[in-house]
There are 2 protein chains.
Amino acid sequence: MSSSTKLSTSVKALSYLAIEDKPKNSTEIAASVGINASKLRKLLSMLGKAGIVKSDSGMLGGFSLAKKPNQIHLQEIYCAIEDRKAFYLNVNDTNLKQNGASEKINNIFLNLFSEIQVEIENKMTSITLKSIIDKII
Amino acid sequence: MSSSTKLSTSVKALSYLAIEDKPKNSTEIAASVGINASKLRKLLSMLGKAGIVKSDSGMLGGFSLAKKPNQIHLQEIYCAIEDRKAFYLNVNDTNLKQNGASEKINNIFLNLFSEIQVEIENKMTSITLKSIIDKII
DNA sequence: ACAAAGTGTTACACTTACCGTAACAATTAT
DNA sequence: ATAATTGTTACGGTAAGTGTAACACTTTGT
């Protein structure tokens with residue numbers, strides 16, 4: 001799954017939990033968002049480590065939101081499921097020539113990509129789960 | 001090669017052509033930017049179709065810039081080498097549920113990604129090959 | 001105590017994508 | 001003719017992604 005697909009899938013699962021407003025097991029959630037239950041558990045496990053959802057084992061177990069929807073924004077969801085920077089962009093730094101031109105160009109692009117990533121992160125920080133739910137209800 | 005790597009590699013090749021200011025064959029350019037000559041020819045071939053470089057076969061053939069460096073900006077380089085939108089972001093649209101929530105969330109993300117792409121394109125349009133060369137010389 | 005229902009994680013076969021290189025037709029100057 | 005070059009295709013090898021199953025561990029109900 002690409003980063004962007006992971007993000008939208010996670011938001012679907014979280015929206016489902018917010019709307020249902022009671023613990024749901026991975027099978028139900030997976031059926032709702034349309035992916036495999038095992039795969040979904042991997043995603044939700046990461047969201048759990050980030051304190052976004054909480055999970056309980058056992059017969060009455062399942063997943064539920066650990067915070068209110070207006071306290072969850074896209075940026076933290078993204079960080080929870082992806083270790084790399086937002087929508088990672090990279091350059092080819094193999095075979096760098098000794099003259100340094102390639103290295104300088106790499107740095108120029110790394111700076112450009114950093115700027116883009118900051119903008120993306122700002123945008124994602126401003127969007128909460130609640131604002132998304134409000135749009136789909 | 002990722003989109004971003006393609007872009008930086010292309011800019012390296014174009015910068016080399018701009019600085020040398022005479023036709024260069026793929027072997028020389030490839031050695032300068034540190035990639036395979038055949039692979040580079042694929043990139044330059046696409047840049048040629050976009051009118052950014054011109055190429056000549058034969059013994060005295062090679063590649064040279066078709067426009068001045070201040071008339072070439074990153075956005076057109078990107079469009080030349082990549083058919084998809086800038087730094088393509090996508091959602092999972094398989095197994096869409098009948099309730100429509102997944103579809104609505106997909107649309108929300110597609111809109112968000114479109115906004116991000118517009119910002120990236122604006123940024124890339126404002127950066128010319130000349131401005132990059134000025135920084136590396 | 002024991003069974004049932006969960007999560008969290010690992011493993012694995014399968015497919016897909018990617019990479020680097022080679023090869024070759026077409027083209028052009030000498 | 002010959003040599004050098006582009007543009008494109010093909011291909012074997014390798015890496016990455018996918019979907020599923022499996023299983024240990026935890027928790028609840030009886």
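Modeller: Let's start with one face of a helix. In this predicted model, the side of α3(B) turned away from its buried side carries two exposed residues, Ser38(B) and Lys49(B).

Biologist: Which residues of α3(B) are buried, then?

Modeller: A residue counts as buried if 20 or more other C-beta atoms lie within 10 Å of its own. In α3(B), the buried residues are Leu40(B), Leu43(B), Leu44(B) and Leu47(B). They span an arc of only 95° around the axis, so they sit on the same side of α3(B).

Biologist: What covers those buried residues of α3(B)?

Modeller: Elements of chain B do part of that work: the cover includes the helices α1 (3-20), α2 (26-33) and α4 (74-81), along with the strands β1 (53-56) and β2 (62-65).

Biologist: How many residues does α3(B) have, and how far does the helix reach?

Modeller: To judge a helix's reach, we compare its end-to-end distance with an expected span. Helix α3 of chain B, residues 37-49, has 13 residues and reaches 18 Å from its first C-alpha to its last, close to the 18 Å expected at 1.5 Å a residue. Just after α3(B) comes Gly51(B), with a positive phi of about 75°.

Biologist: Now the DNA, please! Which residues are closest to DNA strand D?

Modeller: DNA strand D is surrounded by 24 residues, and the closest are Ser57(A), Gly58(A), Asn25(B), Ser26(B) and Ser55(B). At least two residues each come from α3 (37-49) of chain A and from α3 and β2 of chain B. The most come from α3(B), which gives 6 residues. By class, this surface near DNA strand D has 14 polar, 6 nonpolar and 4 charged residues.

Biologist: And which residues come nearest to DNA strand C?

Modeller: Of the 24 residues around DNA strand C, the nearest are Asn25(A), Ser26(A), Ser55(A), Ser57(B) and Gly58(B). Here α3(A) gives the most, with 6 residues. By class, the surface near DNA strand C has 6 nonpolar, 14 polar and 4 charged residues.

Biologist: Let me step back to a whole chain. In what order do the elements of chain A run?

Modeller: Read them from the N terminus on: α-α-α-β-β-α-α-α. That gives chain A 6 helices and 2 strands. Of its 137 residues, 34% count as buried. Among contacts in chain A between residues at least 6 apart in sequence, 66% join residues at least 24 apart.

Terms used
Residues numbered from 1 in each chain as written. Chains lettered and ligands numbered in written order. Predicted model: local features only at pLDDT ≥ 70, side-chain atom pairs only at ≥ 80, totals over all residues. Helix = DSSP H or I, 4+ residues; strand = E, 2+ residues; numbered from the N terminus. Buried ≥ 20, exposed ≤ 12 C-beta atoms within 10 Å, placed from the backbone. Contact = placed C-beta atoms within 7 Å. Expected span 1.5 Å × (residues − 1). Arc of directions from axis to C-beta. Near = placed C-beta within 6 Å. Nonpolar A, V, L, I, M, F, W, Y, C, P; charged D, E, K, R; others polar.
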